[in-house]
Amino acid sequence: MEVTLALFITKRLLMALATVLVVAVLAFLLVHAMPGSPGAVSLGAGASQEAINEVNQRLGWNDPLVAQFFTWLSAAVQGDLGISLIDGRSVSADLASRLPVTASLAAGATLLSAVFGIALGVTAAVRGGMVDRIIGGVAGMAVALPAFWIGIIFVYLLAVQSSVFPATGYVPFEDSPQDWALSLALPVITLAVGGAAFIARQTRASMLEALQQEHIRTLRATATPTWKILYVHALRYASLPIVAGIALQFIQLFGGSVIAEQLFAMPGLGQAVQNSVSTHDAPSVQGVVVIATVVVVAVNLVLELTTKFLDPKLRAS
């Protein structure tokens, strides 16, 4: 059993490394397919061709692509993602300061989505009738609403009209934990609305299937307390698709936080990728893509290990 689990983890780690490497190659090639060159981007439109060529030569832009890639890869493995062509800052340092912002948004919204989504989904499955129809209708509308529109409504109601939360901006945790939480509140709630609706629908479907199982009917016949049947046996049986939905929700929020970060002026990875693409800042583009890929691959790896632990059939395979 231990050998099988170790082999499974080893295979998944190798696949994860291969995925990151493939994405790194694709990002490198796409960056080189972008118009212009590092010299032209860093020096601006008024620079002479001589000056541009000199910068390109210094940065190794004229070297063979294979040599350029392995030079970049060897530096990236050591934590050096290059220097921004726009402001000369370290890409690694810039992304390290932005990563906690996006991670906080995604983690907070995922946690809020999971709590409310599971609670609503279990309630809809157990109560049924009018309660089920109301929750299903509200969840359907919440999934269809654009996050940008939801954010504007929350800003108007909770920031402009009532001043409960700040409308925009981000306060680092080390500066003030309370202000950090307040600055995250509106974007987290905005992102959590659609996620909670998605998880609620997933939970409802999984719980309805779980409640039809033979062992659940047996537990009811033996007068097992209802709370234990629902929250121990049925919810555990339904946990696989729910956990998968929560993990996918985090991945979607982590990779798709651009709208929320722009709306609430949050200095995260989404804002960084938009700025770097619009300015043709190649090192920044490559850095953001690689960092986002590493996070997504890591979450997928944890999801697979969790699924194998929760499912007895997979655990025994």
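1. Crossing of α5 and α11. In this predicted model, helices α5 and α11 cross in a right-handed sense.

2. From α5 come Leu99, Thr102, Ala103, Ala106, Ala107, Ala109, Thr110, Ala114 and Ile118. They meet Ile242, Ile246, Gln249, Phe250, Leu253 and Phe254 of α11. By class, the residues of this contact are 12 nonpolar and 3 polar, with no charged residue.

3. Ser113. This serine is also in helix α5. Ser113 counts as buried because its relative accessibility is 0%, where the cut-off is under 20%. A polar atom of the Ser113 side chain lies 2.6 Å from the backbone oxygen of Ala109. Beyond four places in sequence, Ser113 is in contact with Ile118, Ala192, Gly195, Ala196 and Ile199. Two of the residues named here, Ala109 and Ile118, are also on the α5 side of the contact with α11.

4. The largest nonpolar core. This core has 34 residues, and Trp72 and Leu95 have the most contacts inside it. Two or more residues each are given by α1 (2-33), α4 (65-77), α5 (91-127), α7 (147-161), α8 (177-211), α11 (239-255), α13 (269-278) and α14 (282-310). The largest share, 6 residues, is from α5.

5. Leu95. What does Leu95 contact, leaving aside neighbours within four places in sequence? The partners are Leu81, Leu269, Ala272, Gly287, Val288 and Ile291. By residue number, Leu95 falls in α5 (91-127), Leu269 and Ala272 in α13 (269-278), and Gly287, Val288 and Ile291 in α14 (282-310).

6. A separate core. Another core, of 16 residues, lies apart from the largest one. Its members include Ile216, Ala238, Ile242 and Ile246.

7. Ala159. Not counting residues up to four places away in sequence, Ala159 touches Phe154, Phe165, Pro166, Ala167 and Leu186. Of these, Phe154 falls within α7 (147-161) and Leu186 within α8 (177-211).

8. Ala159 and Ser206. These two residues are 47 apart in sequence. From C-alpha to C-alpha, Ala159 and Ser206 are 37 Å apart in space. By its number, Ser206 falls in α8 (177-211).

Key:
Residues are numbered from 1 along each chain as its sequence is written. This is a predicted model: local features need pLDDT of at least 70, side-chain atom pairs count only at pLDDT 80 or more; totals for chains, interfaces and linings use all residues. Side-chain values use heavy atoms; hydrogens and water are left out. A nonpolar core is a set of buried Ala, Val, Leu, Ile, Met, Phe, Trp, Tyr and Cys residues joined through side-chain atoms within 4.5 Å. Buried means under 20% relative accessible area, exposed over 50%, partly exposed in between (1.4 Å probe, protein chains only). Helices (H or I, at least four residues) and strands (E, at least two) are DSSP runs, numbered from the N terminus. Contact means heavy atoms within 4.5 Å. A polar contact is a pair of N or O atoms within 3.5 Å; within protein, one must be able to donate a hydrogen and the other to accept it, and residues adjacent in sequence count only if both atoms are side-chain atoms. A crossing is left-handed if the near helix is turned anticlockwise from the far one by less than a right angle, and right-handed if clockwise. Ala, Val, Leu, Ile, Met, Phe, Trp, Tyr, Cys and Pro count as nonpolar, Asp, Glu, Lys and Arg as charged, and the others, Gly among them, as polar.
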